[in-house]
Amino acid sequence: PSDIVPLLRHYADRKQEHFLCVSLNGANEILNTRVVTIGLADRSHVHPREVFADVLVDRASAIILAHNHPAGSLEPSEEDIAVTKQIAHAGQILGISLLDHIIFNQREHLSFVEKSVNFY
């Protein structure tokens with residue numbers, strides 16, 4: 001997370017939730033960072049099809065998901081956990097590992113991996 005968050009921090013002050021996907025190669029080097037969806041102030045509708053469309057073009061081996069919480073709270077919602085599990089499962093089928101999901105605001109971040117949030 002400490003390597004990824006500085007690259008995404010400029011999304012922290014957005015008034016709408018931005019759901020991002022970082023594509024990584026086999027050496028875990030960043031290939032690309034994309035905004036997958038822009039939602040409302042407190043949610044963003046995300047589908048695995050949208051997440052993996054460009055990841056497949058990148059020929060990525062892994063991804064890291066991230067999204068801002070404009071309201072400030074870093075606690076993952078039930079919907080955050082459910083969509084993460086759905087994307088992780090789709091990635092398993094495609095052979096693309098989900099390494100982490102990071103929620104961030106202007107001051108701090110929460111890593112699903114560091115917080116031991118199970119998404120597999």
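What we are looking at is a predicted model, in which local features need pLDDT of at least 70 and side-chain atom pairs count only at pLDDT 80 or more, while totals for chains, interfaces and linings use all residues. Residues are numbered from 1 along each chain as its sequence is written, and side-chain values use heavy atoms, with hydrogens and water left out.

E3 and E4 run parallel and are joined by seven bridges, and two strands are said to pair if DSSP finds at least two bridges between them.

On to E5: it pairs with E4 in the antiparallel sense over three bridges, the two being joined by a hairpin through four residues, and Phe-104 stands opposite His-109 in E5.

Now the sheet as a whole. It is an open sheet of five strands in the order E2-E1-E3-E4-E5, with mixed pairing, and its edge strands, each pairing on one side only, are E2 (30-38) and E5 (109-111). From one strand to the next the twist averages 20 degrees. At the other end of the order, E1 (residues 18-24) pairs with E2 in the antiparallel sense over seven bridges, and Cys-21 stands opposite Arg-34 in E2.

Two helices deserve a word. H2, residues 48-58, lies across E1, E2 and E3 (62-68), and runs at about 160 degrees to E2, the angle being taken from 0 to 180 degrees between N-to-C directions of axes that are lines fitted to C-alpha atoms, for helices over the stretch in contact. H3, residues 78-94, packs on the sheet and touches E1, E3 and E4 (97-104), its direction making about 160 degrees with that of E4.

That brings me to the nonpolar cores, each being a set of buried Ala, Val, Leu, Ile, Met, Phe, Trp, Tyr and Cys residues joined through side-chain atoms within 4.5 Å. The largest has 22 residues, and those with the most contacts inside it are Val-51, Phe-52, Ile-63, Leu-65 and Ile-87. At least two residues come from each of E1, H2, E3, H3 and E4, and H3 gives the most, with four. If we leave aside neighbours within four places in sequence, Phe-52 is in contact (heavy atoms within 4.5 Å) with Ile-63, Ile-87, Ala-90, Gly-91, Leu-94 and Ile-96.

Apart from that core lies another, of 13 residues, including Ile-4, Ala-62, Ile-64 and Ile-102. Ile-4 lies in the segment before helix H1 (5-8) and is buried, with a relative accessible area of 7%. Beyond its neighbours within four places in sequence, Ile-4 is in contact with Val-22, Ile-30, Ile-64 and Ile-102.

Let me return to Asn-68. Is this residue buried or exposed? With 0% relative accessibility, Asn-68 counts as buried. Its side chain makes polar contacts, meaning pairs of N or O atoms within 3.5 Å, where within protein one must be able to donate a hydrogen and the other to accept it, and residues adjacent in sequence count only if both atoms are side-chain atoms. The side chain of Asn-68 reaches the backbone oxygen of Gln-16 at 3.1 Å, and a polar atom of that side chain lies 2.4 Å from the backbone nitrogen of His-18.

Finally, two loop residues. Asn-28, in the loop between E1 and E2, has a positive phi of about 60 degrees although it is not a glycine. Arg-59, in the loop between H2 and E3, also has a positive phi of about 60 degrees without being a glycine, and Arg-59 is exposed, with a relative accessible area of 70%.

Methods
Buried < 20%, exposed > 50% of the residue type's maximum accessible area, 1.4 Å probe, protein only.
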